[in-house]
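Hi,

Here is the structure I promised to pass on. Have a look at it first, and my notes on what turned up follow below.

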Amino acid sequence: MNKRLLKPAAAGLSLALLAACTAVVAPLLKPDVSTAITRVKAGDYALDPAHASVLFRINHLGFSTYVGRFETFDASLTGDAADPASSSVEAVIDMTTLDVANTPFAAELMGPDWFDTATFPQAVFKSTSVAMTADTTAKVTGDLTLRGVTAPVTLDVTFNGAAFDRLRDADVAGFSAVTTIDRTVFGVSRFSGLVTDTVDIEIEAEFIRQTAAR
């Protein structure tokens, strides 16, 4: 008997078994994500860097919207759903990890005429207040320190949901945030008026609960 004739049947059986296993296991692993803010358990949360991003967008001479990102950053969150106003968040961005999909230009942007990362390698955000605007949205105001200058910034934050994630064996909460800053306020003034001064920032973040509230 030609053994090659058995291969399609064997492959079909393997695929069928895999599909059956997936159908059984997937519902058990998929977290029951809820957007009820009460599902966020009180405590200290650390950023899951594998499921987070920090992007910026700036209009370039009216021709396009230029997009960049930072590869390395960290954040921590402390909160209690029963008292959102008492929550706090702190984030640190490694400015030397700028990625604009163009290595020479990234080096130029990190140079003294722009971010000057040799002198100011980090940007830091520390919240000062949290004000809920709806069941799943809030304004988080804080101090942003960029290029050695500290100025207030307000993030428009959306709570995407929380649940116990079996894959990470932990309670997880997810958020999206956007804000717009004036780069000249922070001393990034090169080509001001030619290249727009306003910069849109977009943040996606999942936080993993570390400890109960102290």
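**What I found**

L146 is buried, at a relative accessible area of 9%. By buried I mean under 20% relative accessible area, while exposed means over 50% and partly exposed is anything in between (1.4 Å probe, protein chains only). L146 is found in strand β7, and its C-alpha sits 6.0 Å from that of F186, although 40 residues separate L146 and F186 in sequence.

Before going further, the ground rules: this is a predicted model, where local features need pLDDT of at least 70, side-chain atom pairs count only at pLDDT 80 or more, and totals for chains, interfaces and linings use all residues. Residues are numbered from 1 along each chain as its sequence is written, and side-chain values use heavy atoms, with hydrogens and water left out.

**Layout**

The protein has 2 helices and 10 strands, in the order α-β-β-β-β-β-α-β-β-β-β-β along the sequence. Those are DSSP runs numbered from the N terminus: H or I of at least four residues for helices, E of at least two for strands. Of the 214 residues, 34% are buried.

R147 has a positive phi of about 55° without being a glycine; R147 is in the loop between β7 (137-146) and β8, and it counts as buried because its relative accessible area is 19%. D169 also isn't a glycine and has a positive phi of about 55°. D169 is in the loop between β8 and β9, but it is exposed, with a relative accessible area of 59%.

**Salt bridges**

How many salt bridges does a search of the whole structure find? There are 10, counting a side-chain nitrogen of Lys or Arg within 4 Å of a carboxyl oxygen of Asp or Glu.

- R57 and E202 meet through their side chains at 2.7 Å, N to O. This pair links distant parts of the chain, with R57 in strand β1 (residues 43-60) and E202 in strand β10, 145 residues apart. R57 is partly exposed at 29% relative accessibility, and E202 is partly exposed with a relative accessible area of 29%.
- D165 and R168 form a salt bridge at 2.7 Å, N to O. D165 is buried at 7% relative accessibility, whereas R168 is partly exposed at 27%.
- R209 pairs with D171, with 3.6 Å between the closest N and O atoms. R209 is partly exposed at 25% relative accessibility, and D171 is buried at 13%.

There is also a network of salt bridges linking D48, D165, R168 and E206.

**The second largest pocket**

E206 turns up again here: 15 residues line the second largest pocket, and V33, G161, V172, G174 and E206 lie nearest its centre. The space in this pocket is about 180 Å³.

On a 1 Å grid over the protein atoms alone, a pocket is an open set of points where a 1.4 Å probe fits, with protein on both sides within 12 Å along at least five of seven lines, and lining residues have an atom within 4 Å of a point. Grid points are joined across faces, edges and corners, and the volume is the space filled by probe spheres set on the points.

Which strand supplies the largest share of the lining? That is β8, with 6 residues. β8 (149-165), β9 (170-182) and β10 (198-211) each contribute at least two residues. By class, the lining has 9 nonpolar, 3 polar and 3 charged residues. Nonpolar here covers Ala, Val, Leu, Ile, Met, Phe, Trp, Tyr, Cys and Pro, charged covers Asp, Glu, Lys and Arg, and the others, Gly among them, are polar.

**A nonpolar patch**

L194 lies in the loop between β9 and β10 and is exposed, at 56% relative accessible area.

Cheers
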